[in-house]
Amino acid sequence: MEDRMLFILMPLVLAVFVLAVWGFGYHHLHPTGIVACLLAILVALPNVALIVIFGFYLSEEKDEFQRNLLVQSLLWAIGATLTLITFWGVLVTFEVVQSRSLVWVFPLFCLFMAIAKFMVRLRYR
Amino acid sequence: MEGKTKDLARSRHNRRLIVFSVLLALAGSLDAWVFIRRHPTGVLAYALAVLRALPMIGIMADFGLYVAALKDEVMRSIIYQSMLWSIGATLGFTTVWGFLEAFVHIPHLQPLLVMPVFGLFVGVSLFLVARRYE
């Protein structure tokens, strides 16, 4: 079930992200007020859905070993993400870096999650 | 005996947490002081940013060691669930805030505040998940 949902959600996340960056990041679209707020939540929904599905998968996973691998990857990924964000935050404070958009936190976490999963699996081979 | 081991692991974790928190506060103060006095650029700015992130790595590694050393399966499950909830909440929050920044031009949230936000979510979810197991 989760596989099918992910099959639909993953392209949706990517499409929504590209659309949002193109449309709003480069100001081709100009929503305001409540519409803009609703759009922001709408754009974030597939990401939130991904996390919820992951949570369901983790709670339904019977194989303790697989679950342990996933949890370890999660911990490594959040650790790496928070560390990098702190590093980035200091650079923003020092005005060395200009970009402050928090939209990149989720893709960054996904990247670290993929790397951590690969590394953790390598360790148990 | 098991209770004693658990207490030992927890007190070790607490001590390390205190040390890393003090280091984090010192690094933060040093960053602020250097920023006000010298307004660093280039290599110095990057070095200070790394210095600020180092205690964070310590805190995360310590937390990982603590959870790995935990023998109590229920406690471990509570921590795992809370972590998952707080990761989800933090990522959801940053995504919504990020898009709101782009759409409605609400105030920029400093990236440095993501860590305290995550900490807040961990605290809330630990409380809520632990209550479910009571």
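Domain bounds here come from an automatic or database domain assignment. On that basis, chain B of this predicted model is divided into domain 1, residues 1–71, and domain 2, residues 72–134. Chain B also touches chain A, with 40 residues of chain B in contact with 42 residues of chain A.

**Domains of chain B**
- Taken over C-alpha atoms, the centres of domain 1 and domain 2 of chain B are 19 Å apart.
- Contact between the two domains of chain B involves five residues of domain 1 and five residues of domain 2.
- On the domain 1 side of that contact in chain B, three residues are nonpolar, two are charged and none is polar.

**Interface of chain B with chain A**
- On the chain B side, at least two residues each are supplied by helix H1 (2–38), helix H2 (42–69), helix H3 (73–103) and helix H4 (114–132).
- H3(B) gives the largest share of that side, with 17 residues.
- The side of chain B that touches chain A has 28 nonpolar, nine polar and three charged residues.

**Helix pair in chain A**
- Helix H3 (residues 64–93) and helix H4 (residues 105–123) of chain A have axes that come within 8 Å and cross at roughly 135°.
- H3(A) and H4(A) are therefore oblique to each other, and their crossing is right-handed.
- Residues making the contact include Leu69(A), Trp76(A), Leu84(A) and Ile85(A) from H3(A), and Phe109(A), Phe112(A), Lys117(A) and Arg121(A) from H4(A).
- By class, the contact of H3(A) with H4(A) comprises 15 nonpolar, three polar and two charged residues.

Key: Residues are numbered from 1 along each chain as its sequence is written. Chains are lettered from A and ligands numbered from 1 in the order in which they are written. This is a predicted model: local features need pLDDT of at least 70, side-chain atom pairs count only at pLDDT 80 or more; totals for chains, interfaces and linings use all residues. Two residues are in contact if their C-beta atoms, placed from the backbone, lie within 7 Å. Ala, Val, Leu, Ile, Met, Phe, Trp, Tyr, Cys and Pro count as nonpolar, Asp, Glu, Lys and Arg as charged, and the others, Gly among them, as polar. Helices (H or I, at least four residues) and strands (E, at least two) are DSSP runs, numbered from the N terminus. Axes are lines fitted to C-alpha atoms, for helices over the stretch in contact, and angles run from 0 to 180 degrees between N-to-C directions. Angles under 35 degrees count as roughly parallel, over 145 as roughly antiparallel, 65 to 115 as roughly perpendicular and the rest as oblique. A crossing is left-handed if the near helix is turned anticlockwise from the far one by less than a right angle, and right-handed if clockwise.
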